[in-house]
Amino acid sequence: MPNNRLPSVHLVGVGAALPDPCLSNDDLSRMVATSDEWIWPRTGIRQRRILPPELSVVDLAAQAARAALDQAGILPQELDLLLLATSTAVDRFGSAPRVQAALGASRAVAFDLTAACTGFVFAVATAAQFLQTGLYRRALVVAADVLSRAVDWTDRATCVLFGDGAGAVVLEAGEVGADGILSIELRSDGKGSELLSLAMATEAKPLVGSLRVGQYRCCPIVMNGREVYKFAVQAVPEVIEKALLQAGIPAEAVQGYFIHQANQRILDAVAKRLQLQTQQVASVLERYGNTSGASIPIALAEWIGQGRFGPGDLGVMAGFGAGLTWGAIVFRWGR
Ligand code: ACO
């Protein structure tokens with residue numbers, strides 16, 4: 001339910017960016033021992049997009065951001081805050097300021113936020129706090145990942161799942177007590193961190209005089225697929241139910257469920273548990289694979305572009321992934 005003492009927070013524009021080059025299941029079957037017959041029934045994925053090496057996650061993020069700003073009718077210079085949710089930053093000191101510079105969002109404070117596939121939900125929740133306190137009026141949240149640069153292309157268990165993409169939303173503060181973001185539920189459980197990681201290994205090297213020092217080395221994505229699956233089908237419906245309860249909204253009243261696009265079987269299991277109709281649950285992973293945090297705004301942008309979701313409609317976004325992290329946000333779309 002809207003808080004009657006704080007400014008409301010509205011989602012007023014969405015955009016997506018997907019690179020053109022496309023890698024199909026058949027293409028993959030020529031690289032590793034796999035097949036469309038194995039991948040499609042287990043995941044719902046037929047193809048994924050791959051960012052060419054000359055482009056970066058910043059290019060992808062800026063493209064999605066421009067589309068979201070256009071839809072919102074807001075200029076980059078009007079932004080107060082820019083959050084980049086990514087696990088594949090070009091600079092681990094932070095890449096959000098590069099997106100800010102690319103957009104010309106000169107007034108915005110920009111920083112990165114990392115929560116794997118839940119990054120978009122965590123970043124929207126974070127941006128909403130700045131708007132609710134009245135500190136800022138307009139924020140841009142971009143989720144962008146180039147997981148094609150983080151997978152081991154010889155590991156058939158993971159390389160078939162992921163694709164590159166970016167998605168963005170514009171948030172705007174509104175009147176006290178108006179509808180907008182209606183509830184937020186976030187969770188983490190570090191006990192499950194080993195189930196899914198994109199880790200930095202430390203190698204001991206005698207570099208500094210007689211001192212042994214550690215040096216970082218990037219490792220590819222490692223995943224225990226079965227355990228991640230079990231976690232997702234239990235945790236995601238629970239957190240959505242909590243968020244709906246907090247918002248005072250029944251599941252059937254929601255026009256669009258934008259759930260992290262990891263696996264069609266997970267989407268189906270969540271829908272079954274919440275007794276949702278198929279047409280309430282967005283699914284775009286057939287064409288894009290798992291685009292990490294970007295998958296929710298990509299799905300939202302497609303539905304809005306197709307007129308399946310629009311101003312005044314109720315939506316739920318739900319993310320889950322490494323950390324472990326998960327969360328859900330209930331919202332009414334538009335100003
Ligand atoms: N092609 C052919 N065979 C494969 C492939 C492949 N691409 N990948 C694994 N296999 C084989 C395995 O080697 C194994 O063979 P074996 O029995 O001879 O040892 C067999 O298939 C079964 O492997 P499992 O890993 O047990 O397969 P499972 O039925 O669990 O399906 C899957 C794997 C699709 C990954 C499933 O576990 C899943 O959906 N998990 C959720 C993963 C997920 O969604 N991750 C991302 C969420 S978080 C985030 O987005 C970052």
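A polar contact here is a pair of N or O atoms within 3.5 Å; within protein, one must be able to donate a hydrogen and the other to accept it, and residues adjacent in sequence count only if both atoms are side-chain atoms.

## Ground rules

This is a predicted model, in which local features need pLDDT of at least 70 and side-chain atom pairs count only at pLDDT 80 or more, while totals for chains, interfaces and linings use all residues. Residues are numbered from 1 along each chain as its sequence is written, and side-chain values use heavy atoms, with hydrogens and water left out.

Let's start with His260, where a side-chain N or O atom is 2.7 Å from an oxygen atom of the ligand. Asn263 also has a polar side-chain atom at 2.4 Å from a ligand oxygen, and for Arg226 the corresponding distance to an oxygen atom of the ligand is 2.9 Å. On its own the ligand has 1000 Å² of accessible area (Shrake-Rupley method, 1.4 Å probe), and the protein covers 73% of that.

## The shell around the ligand

The ligand is surrounded by 22 residues, the closest being Thr34, Cys117, His260, Asn263 and Asn290; a residue is near if one of its heavy atoms lies within 4 Å. By class, the shell holds 12 nonpolar, 7 polar and 3 charged residues, with Ala, Val, Leu, Ile, Met, Phe, Trp, Tyr, Cys and Pro taken as nonpolar, Asp, Glu, Lys and Arg as charged, and the others, Gly among them, as polar.

Which elements give two or more residues to this shell? They are α2 (36–43), α6 (156–159), α7 (225–247), α8 (264–273) and β14 (314–321). The largest share, 4 residues, comes from α7. Helices (H or I, at least four residues) and strands (E, at least two) are DSSP runs, numbered from the N terminus.

## Two domains

The protein divides into domain 1 (7–176) and domain 2 (181–191 + 222–332), with bounds from an automatic or database domain assignment. Both domains give residues to the shell, so the ligand lies between them.

The domain centres, taken over C-alpha atoms, are 16 Å apart. In domain 1, 43 residues are in contact with 39 residues of domain 2, contact being heavy atoms within 4.5 Å.

## Backbone details to check

Gly323 and Leu324 are joined by a cis peptide bond with omega of about -5°; Leu324 sits in the loop between β14 and β15 (325–332). Ala116, a residue other than glycine, has a positive phi near 50°, and its place is in the loop between β5 (109–113) and α5 (119–132).
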